[in-house]
Amino acid sequence: MDADSDVALDILITNVVCVFRTRCHLNLRKIALEGANVIYKRDVGKVLMKLRKPRITATIWSSGKIICTGATSEEEAKFGARRLARSLQKLGFQVIFTDFKVVNVLAVCNMPFEIRLPEFTKNNRPHASYEPELHPAVCYRIKSLRATLQIFSTGSITVTGPNVKAVATAVEQIYPFVFEKFFSQIRNKDMYIRSREQE
Amino acid sequence: MTGRVCRACGGTDIELDAARGDAVCTACGSVLEDNIIVSEVQFVENSGGGSSAVGQFVSLDGPGKTPTLGGGFHVNLGKESRAQTLQNGRRHIHHLGSQLQLNQHCLDTAFIFFKMAANKSLTRGRKMAHVIAACLYLVCRTEGTPHMLLDLSDLLQVNVYVLGKTFLLLARELCINAPAIDPCLYIPRFAHLLEFGEKNHEVSMTALRLLQRMKRDWMHTGRRPSGLCGAALLVAARMHDFRRTVKEVISVVKVCESTLRKRLTEFEDTPTSQLTIDEFMKIDLEEECDPPSYTAGQKKLRMKQLEQVLSKQLEEVEGEISSYQDAIEIELENSRPKARRALVNLSKDGSVEDTTSSLYGEEDAEDEELEAAASHMNKDFYQELLGGGSSSSDAIEIPEEGGQPLALESLLGPMPTAASLGISDSIRECISSPSGDPNPSGDGELDLSGIDDLEIDRYILNEAEARVKAELWMRENAEYLREQREKEARIAKEKELGIYKEHKPKKPCRRREPIQASSAREAIEKMLEQKKISSKINYSVLRDLNSKGAGGPPRDDVRLPEKGSARKLSWRRVAASRSGADPGSSVGKRLRPLVSAQPAKKVAVGEAAFLNSPALGPELARPAAVLVESGPVCYHPEEVADEDDVDEDDGEPCVSALKMLGSNAYGCDGDEDDGY
């Protein structure tokens, strides 16, 4: 009857964002002309290149910095980044693959029960913030992990953090708080119904 | 008192009289100090006959008002930046708060929040209006007033989410926990706006009950409180026989019509909606509902499951149909000539084997029906190829409708290519080595393991494709390119005309290195050089300025410079630098544009000594022209020519106020008034 039950929650990673540098100046015009799957945004000064195999979209700047988004795991992100560098090499640039770093991971997780948001906010005052006028979810920040969780009343939770491990830890941390809410509600309901029956 | 020694006799017994403000030596009687500043309260008789204390109230914030001589041009002069910010903030808070009808206590609290925010430097980099609005909203939340963020954004014409962001940041940084909004707070406000007359109170109570019921039914989590209020009020109004249309309600409550409708539908789904009005007022149902989004989610899940079941059934039905088709096909074949059939069979076997093996090589076994359908379709395809004539087309036409062969072909068209893509990928996956970990040292070398060059080659277009793409891109972005060209043409034209003013994007002000100078004179010189106000400054004058101190104007030491008008300039410059020392620093600022305007005029004025300069002046009312107009007034004696020039300048009405200040500094005040 405690909240210690080990529930196998499915944490789905939906997006991994990473950056890397090529340490060489890239001629965006050339990439735009010769790449098969690129969008050239001249007014901003970047090229969007989409790969099919790991489904990722990369933003390429002329300074050589590249941001990769859309991967579904860290390894896939690295794989895609390397592919991208390879294709740039083929185009003729002296590309060096350096400073690869995963910057952001977005994951979604579903609780099998609904969550009472106003009470949840009251109990978790400094970390949680809830503005129903602005956004339907509670925004819970964990400073130590630098992770942010968005908790919806349906029980689905969106987590963003610097890497996959942080995201998993964040979900583990939040679970007891959230479960407590639900459980106490059930317990109250039980007691209420029982008292009614007795009458 | 502290041991002070009398200057005359050396005695140490000094008496301080606070009332008279004197310090007198008791030994010899010499007055040591006169007019000591006293801190006694003085009283002054006012017109009514009563007496009031002399003095000013000085506020806690900031150094307080310094008494400005000459009328105080700007209230914010001479204060440090923090005090200015706070004062501005206070003014804005009062202005905005009065529009929201907040009472004084709330406004004071808001000002305290603002002070805290300023202390934590949260006002930097943000629009003042946003910060003020956030402070006000914070107060509204803590006090529980029925003000929405939407109201504030209405007043300021700012996006409500931008305001919300600032508000959240402020609440977090100041560690203020704003209590959650209760939609019940808004009911009286909206009810009043909807004008229910005498029954206002009853309608409000009903609406409140409805709201509480909604809360129990979990309709309020994650929803805008105003939307719930609107729905509750609408129902309550109807219950009490008031006709309030949806439009009226949404104009008061500020939500969208569809939102209101949705809330009403959700409420309809709850069991409470089944009660009659009387029942509702008396009974309170016990059971609680799930939140509507949760039920919607459950519904979706159920729909999905239903769909899956249905699709399975569909497949079975399709399977049956295809088996019927097969049977028909076989019958038809049997009725056709044998030779062709033999050929067809041969090819059929070969093709079927090929396709099946290639399609389903290493992948899992597909559904039997799909396989059958695929082979069946392939059969048709090859039949068509080889048959060629009308008979085969007949054969194909019979089982399906008229235009089908074309459809089949188009169906099959993409299929083999998609299949081939699929094949190549899967084959490649099996052949290529698994992507191992790249060098952990990260020496920058591109680890090519697992990267297939062939596929990447496909990403690179060849010549013809590149050309086509370039053309496409040009066409797409034609507008942007056109704008760029126009801009360049415009710049070139302006350059020709010589009026090209380069609009550089606003760079942040480059901080100049602090001027290292050993004396004030050097500092002024360097500053003038940097600011490039004029290269014709007479430095000798400046040097003497310093030596004279803040005394009278350096009349004696003015040497005639090369250009007559330059002296004028130096006077002005002196005036500027002098008045800059006053609290009236803006005066100095005003002088500077005058100064800078003059170098332009220098060309016009020329070498002519200004006493004899032609009167270009009359039509030019500008002070620069004053230079020229010194001619007519030649009755002033020569030795005070300098002074005259100053006077003449002062004579111009447009600079009178300015000059008064400037001339006040010199102490020659009497003449100017007579001058004009």
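Me: What pattern does chain A follow when you read along the sequence?
Reply: In this predicted model, chain A runs β-α-β-β-β-β-α-β-α-β-β-β-β-α. That comes from four helices and ten strands, where helices (H or I, at least four residues) and strands (E, at least two) are DSSP runs, numbered from the N terminus.

Me: How much of chain A is buried?
Reply: Of its 199 residues, 47% are buried. Buried means under 20% relative accessible area, exposed means over 50%, and partly exposed is in between (1.4 Å probe, protein chains only).

Me: What makes Cys25(B) count as buried or exposed?
Reply: Its relative accessible area is 1%, and buried means under 20%, so Cys25(B) is called buried.

Me: And why is Cys28(B) called partly exposed?
Reply: Because its relative accessibility is 37%, which falls between the 20% and 50% limits.

Me: How many disulfides are there over all chains?
Reply: Zero, going by a search of the whole structure. A disulfide here is a pair of cysteine sulfur atoms within 2.5 Å.

Me: What should I know about the numbering and the model?
Reply: Residues are numbered from 1 along each chain as its sequence is written, and chains are lettered from A and ligands numbered from 1 in the order in which they are written. Local features need pLDDT of at least 70, side-chain atom pairs count only at pLDDT 80 or more, totals for chains, interfaces and linings use all residues, and side-chain values use heavy atoms, with hydrogens and water left out.
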